[in-house]
Amino acid sequence: MSGTEALARLAEERVDHRFKGLPPDADGLTVAELTAQRRNLFTDGFATPVLALSAERLDHNLRLMETYAARHGLAFAPHGKTTMAPQLFRRQIEHGAWGITLAVPHQVRVARAFGIERVFLANELVDPAALRWIAGELASDADFRFVCYVDSVRGVELMDAALRGTSRPLDVVVELAAGEGARTGVRTEAECAAVADAVAATGTLRLVGVAGYEGEVPQANPERVHAWLRRLVALAADFDKAGRFAGAAPDEIVVSAGGSAWFDAVADVFAEIPELSRPVLKLLRSGAYVSHDDGHYRKVTPFNRISEEGALEPAFRLWTQVVSRPSPGQAFTNAGKRDAAYDLDLPFAQVVRRDGTERPATGIEVTALSDQHAWLATAPEADVEVGDWLGLGLSHPCTSFDKWQLIPVAEADGTVVEYIRTFF
């Protein structure tokens, strides 16, 4: 089945009890049939809690990052772990993405099921079963491009053992660690060379570049992040000078970095990459931009530093209903940890909706989450009653998407124009 056919099949899925927040009377309809009804999020049977994406803001964010990457000469492989939504993968590629970044084999299987032809695995991969499956994908599809990290001689040995007898070499990049005590990656340039030599000694792997994640730089600030990125670029230049990319194919060297907090620094330093023996694929991997958020990424987005280049817009809103008002200073809604991200920040009370009218959630603060309740502190000026809908902003897209299997995309007036299917 082609990727286009697989995406079309999503519209044939039946709506039922698996998908929370959707109208109970939609049970049995296909997603396509429900979409065609253009129901209103607020008046046509959606049940709280329900997470919605803004159609307009989603489109804005896709266009903004497409423009940013093109302006700075960057290839873009947005991190798909954020959404695990093949419909959004496809839209990202339509907006100029080179391919999709992923983190673990399951995610690659999802991407391949929906026709993604270029995958950058921003992680080490030593599982024999997963490696053999990827080798099969490479053997059966000449257009499939797959690149992953290596950061140890032992890892290279395990990969080689699993891949012996395969028809196409697997492309790898040496991951440079962001510093002592950081996450994965090789700690020193000398160790990077040893890993590269181990790759060269195999017939199953092919060294095509270097990569890393600047978001792990200890006590990150612009100076430290720029310094580490320059180490990464220097490593690529040194490897090239030593002829370590002689077997690289296609005819390019991959240099990759870029989370959602420092892509401006990546653009700055990658613009300094010297001329190498072959063209450089400058691959940016930021993923949270699609939905952005009202907390962590609102604070750390590089667009705060480069406002002249635009601004991302938070596209998520979680609608929950006030179910209890036991005292003047306290209220509870029916959304909790099962529905909202809470690993970085608690949700933010934004608007109260009553009788078709929205107003700011003045004097209302989310102070805690239980499994299925949000705890609200209500100041004297708070106007909130049992039955009101409360719109919450969220912090951290990666742990918002993963709680919802089918997410309505609503226009500003509440008209739902699409449903995004996730696969976590």
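How many bridges join strand S12 to S16, and in which sense do the two strands run? In this predicted model, strand S12 (residues 348-354) and S16 run antiparallel and are joined by five bridges, with Val 351 standing opposite Gly 391 in S16. Strand S10 (residues 316-327) also pairs with S16 in the antiparallel sense, over four bridges, and here Thr 320 is the residue that stands opposite Leu 390. Strand S16 itself (residues 389-393) is mostly covered, five of its five residues being buried; the burial involves both faces, with Trp 389, Gly 391 and Gly 393 on one side and Leu 390 and Leu 392 on the other.

Parallel pairing is found in an open sheet of eight strands, ordered S2-S9-S8-S7-S6-S5-S4-S3, in which the edge strands, S2 (75-76) and S3 (100-102), each pair on one side only. Within this order, strand S5 (residues 145-150) runs parallel to strand S6 (residues 170-175), the two being joined by four bridges, and Val 147 stands opposite Asp 171 in S6.

The largest nonpolar core comprises 110 residues, of which Phe 146, Leu 170 and Phe 270 touch the most other members; helix H9 (residues 222-241) contributes the largest share of this core, eight residues. When residues up to four places away in sequence are not counted, Phe 270 touches Leu 74, Leu 229, Leu 232, Val 233, Val 255, Ser 256, Ala 257, Lys 282 and Leu 283. A second, separate core of 19 residues includes Val 31, Phe 42, Ala 52 and Val 416. In soluble globular proteins, nonpolar side chains tend to be buried together.

How values were computed. Residues are numbered from 1 along each chain as its sequence is written. This is a predicted model: local features need pLDDT of at least 70, side-chain atom pairs count only at pLDDT 80 or more; totals for chains, interfaces and linings use all residues. Side-chain values use heavy atoms; hydrogens and water are left out. Two strands pair if DSSP finds at least two bridges between them. A nonpolar core is a set of buried Ala, Val, Leu, Ile, Met, Phe, Trp, Tyr and Cys residues joined through side-chain atoms within 4.5 Å. Buried means under 20% relative accessible area, exposed over 50%, partly exposed in between (1.4 Å probe, protein chains only). Contact means heavy atoms within 4.5 Å.
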